[in-house]
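This report describes one protein model for a reader who is new to structures. Please look at the sequence and the model before reading on.

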Amino acid sequence: MALFVAISGCHRSHFPDVPDGYREYAYVSNGGSNTVTVLDLVYLRQDRTLQVGQEPSGLAVNPRRNEVYVVNTQSGTVSVIDASANRVAATIPVHRLPYMIAVDPSGQRAYVPNSGSNTVSVLDLESRRQIAVAGTGEQPGVARVSPDNRTLVVTNRGSNSVSLFAIAPADAPASEPALRLRAAFPGCPGATDAAILPDSSKAFLACSAGHQ
């Protein structure tokens with residue numbers, strides 16, 4: 001034990017050399033306390049705690065904007081965290097019992113499956129509002145956006161299925177739906193997670209109740 005402490009002890013001289021003012025953070029949702037903990041990864045300490053909605057769960061980072069999004073399951077909302085100031089900048093209402101959130105590669109839109117209403121919400125991240133809702137299977141849990149930003153994959157745990165949506169381009173006419181259902185695949189018992197190849201050619205699905 002003494003050897004372990006000596007090796008693993010934290011000394012400022014062992015921290016990485018970074019420019020003055022450089023910051024790097026991690027964000028942890030705390031469902032039991034309705035908060036998000038901000039961890040300082042440069043100085044290896046807790047920076048602050050942010051109050052969000054009820055029972056925060058899934059988190060996502062915007063690849064283009066300095067923002068982090070946390071889903072508040074019991075509140076039916078998404079909190080927008082300004083990562084430059086580490087404060088809650090906005091709250092976006094969605095539908096019942098959201099759990100996860102997926103941000104598209106452009107950083108303009110996000111998709112939130114609502115397990116309590118069997119829908120997926122489409123969020124405009126610039127205006128910070130819900131702009132569309134599409135129906136899914138029962139108890140949707142996870143959404144994944146393909147790298148080419150053309151397809152949204154949603155797993156439906158309650159109906160043992162997967163929904164595939166075509167994503168409308170950002171410059172599409174207002175009359176074109178933001179999401180259009182392309183196909184629904186049954187036969188995935190307890191559909192949970194999904195992963196999409198970098199070339200957007202295939203999706204792999206975890207069917208937890210079927211051990212496949």
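In S15, which residue is the bridge partner of Ser163? The bridge partner of Ser163 in S15 is Ala184. The model is a predicted one, in which local features need pLDDT of at least 70 and side-chain atom pairs count only at pLDDT 80 or more, while totals for chains, interfaces and linings use all residues. Residues are numbered from 1 along each chain as its sequence is written, and side-chain values use heavy atoms, with hydrogens and water left out.

**The sheet**

S14 and S15 run antiparallel and are joined by six bridges. Strands here are DSSP runs (E, at least two residues), numbered from the N terminus. Two strands pair if DSSP finds at least two bridges between them. Strands of a sheet pair through backbone hydrogen bonds, either parallel or antiparallel.

S14 and S15 belong to an open sheet of four strands, in the order S12-S13-S14-S15, with antiparallel pairing. S12 and S15 stand at the edges with a single partner strand each, so one side of each has no neighbour in the sheet. On average, neighbouring strands of this sheet are turned by 25° against each other, direction ignored. The axes behind this angle are lines fitted to C-alpha atoms.

**The pockets**

Rolling a probe the size of a water molecule over the atoms shows where empty space is left. On a 1 Å grid over the protein atoms alone, a pocket is an open set of points where a 1.4 Å probe fits, with protein on both sides within 12 Å along at least five of seven lines; lining residues have an atom within 4 Å of a point. Grid points are joined across faces, edges and corners, and a volume is the space filled by probe spheres set on the points.

| Pocket | Volume | Lining by class |
|---|---|---|
| Largest | about 340 Å³ | twelve nonpolar, four polar, six charged |

The largest pocket holds about 340 Å³ of space. It is lined by 22 residues, of which Ser146, Arg150, Thr151, Leu164 and Arg182 are the closest to its centre. Strands S13 (151-156), S14 (161-167), S15 (179-185) and S17 (203-207) are the elements that give two or more residues to this lining. The largest share, four residues, comes from S14.

Residues that line the second largest pocket include Pro63, Asp104, Arg144 and Ser146. Strands S8 (102-103) and S12 (140-145) each supply at least two residues of this lining, and S12 gives the largest share, three residues.

**The disulfide**

The structure holds one disulfide, that is, a pair of cysteine sulfur atoms within 2.5 Å. This disulfide joins Cys188 to Cys207, with an S to S distance of 2.0 Å. Cys188 lies in the loop between S15 and strand S16 (191-196) and Cys207 in strand S17, so the pair ties together parts that are 19 residues apart in sequence. The torsion about the S-S bond is about -105°, so the disulfide is left-handed.

Are these two cysteines buried or exposed? Buried means under 20% relative accessible area, exposed over 50%, and partly exposed in between (1.4 Å probe, protein chains only). Cys188 is buried, at 3% relative accessibility, and Cys207 is buried, at 7%.

Conventions:
Nonpolar A, V, L, I, M, F, W, Y, C, P; charged D, E, K, R; others polar. Axes fitted to C-alpha atoms, helices over the stretch in contact; angles between N-to-C directions.
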